[in-house]
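Work through the exercises below with the structure open. Try each task before reading its solution.

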Amino acid sequence: MLDFFTIFSKGGLVLWCFQGVSDSCTGPVNALIRSVLLQERGGNNSFTHEALTLKYKLDNQFELVFVVGFQKILTLTYVDKLIDDVHRLFRDKYRTEIQQQSALSLLNGTFDFQNDFLRLLREAEESSKIRAPTTMKKFEDSEKAKKPVRSMIETRGEKPKEKAKNSKKKGAKKEGSDGPLATSKAVPAEKSGLPVGPENGVELSKEELIRRKREEFIQKHGRGLEKSSKSKSEAPKEKGKKAPRVWELGGCANKEVLDYSTPTTNGAPEAALSEDINLIRGTGPGGQLQDLDCSSSDDEGAAQNSTKPSSTKGTLGGMFGMLKGLVGSKSLSREDMESVLDKMRDHLIAKNVAADIAVQLCESVANKLEGKVMGTFSTVTSTVKQALQESLVQILQPQRRVDMLRDIMDAQRRQRPYVVTFCGVNGVGKSTNLAKISFWLLENGFSVLIAACDTFRAGAVEQLRTHTRRLSALHPPEKHGGRTMVQLFEKGYGKDAAGIAMEAIAFARNQGFDVVLVDTAGRMQDNAPLMTALAKLITVNTPDLVLFVGEALVGNEAVDQLVKFNRALADHSMAQTPRLIDGIVLTKFDTIDDKVGAAISMTYITSKPIVFVGTGQTYCDLRSLNAKAVVAALMKA
């Protein structure tokens, strides 16, 4: 049973809606628009919102969206067929109203689609009814039960009857197809009345076996002689060449010098040969080699299609056809974009984008452009590339923007410290980037308390102690009216990290620190005990911001890390609404040149922003992400 089915324009006007089980479809549809359509994540045509599964289809030609919602515990196999049928019928029925493409005409239009939808729904449900499982066939009903037991008994050295019949048929074909030598030898054997083989129940003597072997050898030998004689007789059929040989690069001016064959009639083979050579060499009309480009096949196909009407309709029709193609009257199809999207997908994977993410990005662009009319003087390659760039920029600018300075000032007004927790796998640079963020906060006038909650790795506390000493030297209390700007809170090794973080937050509240930065131990995403401890730390202390520290060097591993970290925080959390990752710190960004695909993979899989980017080893090497610069580096050849 469907919860709802709605049709609305990309401008936000609801044209028609069917209310099934649910009373309202506003919340799920708004979540779909906010999380999928506006974020350019249309690679998958389904979306899950709470207890509902939403499937949608885009009509890019008329700027329409078709959305159907149903309970995710149900398995409705007819939904895809239903949404296709509704899309086809609605578009054909109200084509005139939709083609006006004005908000006033859509608002004034009457879309009475209830009866048609119910009819399509009934047909889709009837066509997808699950057939009753077929009962198992009994042994009495099988073909094997109809055979007598004696026919299924096989003795050693005896062939089954079916095989014997097949061998007889093969022997008959051989005798019919062999030459006169074999037939003359086979006739006396048939006249003698001797048994043909052991299938007749009579064993052959040694002399008969030798004679049979000799006859088989003569048959094979005679057939080989016949084949060789046939091949010799068929060999000298063609004495001349089909077409004159042309050596284009040999410097021979006269083509008839090398022609010793009989001339062809009407010159048809010569023209065909020259065209084939041009096609093989890839030369154009002027003899120049064509450039290898993603749009070469598409442009060539468009040129061929534009030249066909000119030959049939005359010069005037060809001129109008050419102008019609230039002003952009062709709607894009999957076949037009397939070759370009394949090259784009390979390019993204080469730039360190995860393979699954690259496939979903290309699929999203295809869904966005399918059926859309191309712009004036634009090619398929430029259209697809422009759409992909817009999608990447939109992905790197997620729906929630993290502004730490504003949030810290808001926490100051409430007289409580702002708590940030860092998590990630081993060796990504959590402690180093924590020190960089501490320096950035000190430069903005906020006091920082560093909580050493990495009680597992040897030297972790000493590393933070060194960073605290150097940061205190850069911002001594004398410059801030005797106020301590940075301090380390430590309890040694082997202690409970969640308890240390709780004590550090209480200490910061009593001492008036503005920010608490909680350092945690590095852990692999598959380590269940350590992931349980991290989920406990986050659940007990409820930090304001949870930052995942990841490397820019990884590709597919970035997706696996983020997915499993989020899943572990959700599974091992004791809260009803678990806290997940809020933002990303991308480290080692200066080591990858233009292979910046990890930024795309991380933001696509979590919909979370990249808050900071680490670009070096000093405290000043901390940057904010520039989406357009990253996309420009990603699209660079």
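The exercises cover a recorded site and a helix. This is a predicted model, in which local features need pLDDT of at least 70, side-chain atom pairs count only at pLDDT 80 or more, and totals for chains, interfaces and linings use all residues. Residues are numbered from 1 along each chain as its sequence is written, and side-chain values use heavy atoms, with hydrogens and water left out.

**Exercise 1.** Locate the residues that UniProt lists for "binding site" and describe the surroundings of Asp-519.

Solution. Step 1: the unreviewed UniProt entry lists Ser-431, Asp-454 and Asp-519; such annotations may be inferred rather than shown by experiment. They are spread over 89 residues of sequence, yet the largest C-alpha distance is 9.5 Å.

Step 2: Asp-519 is in strand E9 (residues 515-519), a strand being a DSSP run of E with at least two residues, numbered from the N terminus. Asp-519 is buried at 0% relative accessibility (buried means under 20% relative accessible area, with a 1.4 Å probe and protein chains only).

Step 3: leaving aside residues up to four places away in sequence, the contacts of Asp-519 include Ser-431 and Asp-454 (contact means heavy atoms within 4.5 Å).

**Exercise 2.** Which face of helix H5 is buried, and what covers the buried residues?

Solution. Step 1: the buried residues of H5 are Asp-116, Phe-117, Leu-120, Leu-121 and Ala-124. Step 2: seen down the axis of H5, they fall within an arc of 135°, so they line one face of the helix. Step 3: their cover includes strand E1 (4-9), strand E2 (14-19) and helix H2 (79-93).

Technical notes:
Buried means under 20% relative accessible area, exposed over 50%, partly exposed in between (1.4 Å probe, protein chains only). Helices (H or I, at least four residues) and strands (E, at least two) are DSSP runs, numbered from the N terminus. The arc is that of the directions from the helix axis to the C-beta atoms.
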